[in-house]
Amino acid sequence: MIKTILTTGVALALCSGAAQAADKKLVISVYGFSQDAFKEIVYTPFEAMCGCDLVVETGNSVERLAKLEARKDDPEIDMAVMSTHDALAASRKGITQSIDTSKLTNYDKLYEIAKDPLGDHLGIGYTFYATSIVYRSDKVSIDSWQDLFKPELKGRVAFPNVTTNQGPPSLYMLGKAMGNDAADLAAPIGEIASHKDDIVTFYVRSSQVAQLMQQEEILAAPVGRFAWGAYTKMDMPIKWATPKEGQTGGMNVMIMTKGAKNEDLAYQFMDFWLSTDIQTKLAEALVDSPANAEVKVDAKIAANLTYGEDTVKSLNLLPPAVILDNREKWLEEWNAQVAQ
Amino acid sequence: MFQNRAEGLALVLPGVLFAALVFLLPVGILLSEGFRTSEGWTLTPYYEFFASERNRAVFLRTLKLGALVTAVAAVIGYATAYSIVTLPATARGRMIGLVILPLMISPVARTYAWIVILGRTGIVNRALTFLGLSDEPVRFLFTETAVFIGLLQLFLPLMIVSLTSALENMPKDAVPAARVLGANWFQVFWKVILPLTREGLVIGGTLVFTGSLTAFITPAILGGSKVLMLETLLYQRVTVANDFASASIIAMILMVMSFSANLLLKRLATARRRR
């Protein structure tokens with residue numbers, strides 16, 4: 001018995017050893033969504049081009065960040081994509097290194113806000129999204145973030161949990177609408193607390209909002225633009241609000257791990273992903289809004305994305321350092337007032 | 001059973017080694033996390049956990065819903081089980097099959113079904129407004145009521161099955177005899193059925209209570225972040241804050257709650273027997 005196990009183990013080890021030796025390898029760490037589209041548009045064409053193996057690790061940002069930190073001294077992952085504040089957290093932990101933008105031929109094509117959102121080129125933006133309010137235009141009108149608390153929305157509105165990426169930016173805009181945009185978010189959290197019985201749920205996944213909308217459980221909720229596709233397919237009059245305080249949102253960046261074993265391949269991969277061709281294909285598949293300003297898509301596609309110079313300029317993004325430095329405090333405040 | 005004691009021990013050894021290596025050891029390491037701080041071994045993290053008003057609320061809610069689900073499952077369970085055992089053998093088999101059927105459907109699918117059923121436009125609310133019992137739809141989703149209904153539906157079959165087999169083992173003449181001797185139905189239940197089926201109740205009660213404590217998907221979907229239970233709080237601590245210390249504290253609390261419930265139910269059963 002033991003002999004069989006040992007033999008099998010040795011055989012397996014030999015097989016995987018052989019596969020590893022066969023080629024150059026790049027290990028990336030990405031979000032779990034739209035992986036089929038990424039494989040078709042990005043991964044497979046890149047593998048064909050570089051003649052290398054691409055190993056893709058997926059997971060939520062907390063898991064992936066924890067894994068990167070655990071392997072800090074001997075990184076297995078070469079490049080990763082994250083939200084700006086997670087990327088900043090990674091750089092503060094000494095997991096990442098500055099990106100040499102001279103190695104990226106497509107760098108100059110990026111929108112200004114994507115070029116160096118963290119400083120020192122610790123991250124390069126590859127996509128961003130607007131966050132605003134989706135609402136049933138036949139039942140209610142939304143012109144301000146404060147309209148979420150209109151009497152007709154009592155018990156018919158969902159709000160992102162403070163732990164989600166949509167939470168803090170939405171709170172920030174609510175504060176702005178109240179005339180108090182302090183980074184401590186105390187005013188908007190207090191406002192949410194005083195209306196907590198009017199809010200159906202504090203959602204943690206965007207897909208949940210689409211379901212609640214479909215079931216007419218809710219009539220409005222702040223969501224990220226990346227989730228908009230689901231609403232356009234519903235047989236209901238649903239609109240994307242353009243509140244007078246503006247829209248908020250978030251950005252995702254590429255990072256390079258410190259001591260990456262396949263740095264050159266990682267640069268090649270980043271450059272490929274940022275190219276006009278790939279960014280256009282990702283936009284057309286409604287996977288990611290382009291950070292490359294040269295990308296042109298037709299109006300119908302554009303309507304489903306966060307697209308174009310003007311839109312990009314109108315985004316009120318919370319600076320990553322503000323999110324990172326206040327996150328714990330927001331959560332404490334939220335737990336004390338809202339999540340009882 | 002074995003001529004040689006060593007033979008028996010040798011047979012049990014692989015199983016024990018396996019359990020120790022892949023279960024007891026990791027669980028021990030995980031749980032010890034909660035007692036360890038930079039200053040050494042301490043109970044402080046537990047005090048800190050219960051010092052938070054929210055954590056206390058989550059703990060009490062978990063305890064309350066677990067107890068409520070178990071109690072209601074026992075009441076419905078006895079009624080159902082009793083009517084099942086009085087059926088002829090073939091019908092009894094079919095009924096038990098029907099009771100077990102929901103266990104074969106994924107809890108995720110069953111829980112999502114409740115979202116549709118309990119929603120504003122779901123069948124419950126439509127019936128309520130149609131019958132004039134309510135002017136506008138009642139909000140069930142993301143309330144304790146929804147979690148209670150979901151958990152009860154999830155674990156009721158376990159109670160029914162335990163009680164059915166307990167009732168089947170009860171002497172057939174016990175109930176008629178008690179009735180003949182003038183006992184009313186309440187006395188029949190309290191003095192005859194309950195003492196004779198308490199083992200089934202202990203097993204069913206432990207399964208339902210432990211299941212309710214440790215269910216994740218039902219409170220996550222039907223309760224959401226407004227109706228946190230210990231299990232959903234545990235998940236939140238790990239995935240949102242990467243806080244394994246709090247998570248292991250919650251895991252420990254859940255284990256202690258399960259063991260205590262089992263001990264308590266056993267104690268109640270034997271206490272009645274001694275009388």
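At what angle do helix 3 (residues 61-70) of chain A and helix 4 (residues 84-92) of chain A pack, and how far apart are their axes? The tour returns to this pair after a word on the model.

This is a predicted model, in which local features need pLDDT of at least 70, side-chain atom pairs count only at pLDDT 80 or more, and totals for chains, interfaces and linings use all residues. Residues are numbered from 1 along each chain as its sequence is written, while chains are lettered from A and ligands numbered from 1 in the order in which they are written.

**Stop 1: the helix pair**

Select residues 61-70 and 84-92 of chain A. The two helices pack at an angle of about 15°, and their axes are 11 Å apart. Axes here are lines fitted to C-alpha atoms, for helices over the stretch in contact, with angles from 0 to 180 degrees between N-to-C directions. Helix 3 and helix 4 of chain A are therefore roughly parallel to each other (angles under 35 degrees count as such). Helices are DSSP runs of H or I with at least four residues, strands are runs of E with at least two, and both are numbered from the N terminus.

Now display the side chains. Helix 3 of chain A contributes S61(A), L65(A) and L68(A) to the contact, and helix 4 of chain A contributes D86(A), A89(A) and A90(A); residues are in contact if their C-beta atoms, placed from the backbone, lie within 7 Å. By class, this contact has four nonpolar, one polar and one charged residues. Ala, Val, Leu, Ile, Met, Phe, Trp, Tyr, Cys and Pro count as nonpolar, Asp, Glu, Lys and Arg as charged, and the others, Gly among them, as polar.

**Stop 2: the side of chain A that touches chain B**

Show both chains. The contact takes 16 residues from chain A and 15 residues from chain B. On the chain A side, helix 3 and strand 7 (199-203) are the elements that give two or more residues. Strand 7 of chain A provides the largest share, three residues. This side divides into six nonpolar, eight polar and two charged residues.

**Stop 3: chain B**

Select chain B, which has twelve helices and two strands. Its C-alpha trace spans about 75 × 70 × 35 Å along its principal axes. The mean for chain B is 90, and 97% of its residues reach 70 or more. Confidence in chain B is lowest in strand 1 (residues 36-37), at a mean of 72, and highest in helix 7 (residues 144-168), at 96.

Methods
Parallel < 35°, antiparallel > 145°, perpendicular 65-115°, else oblique. Contact = placed C-beta atoms within 7 Å. pLDDT = per-residue confidence, 0-100.
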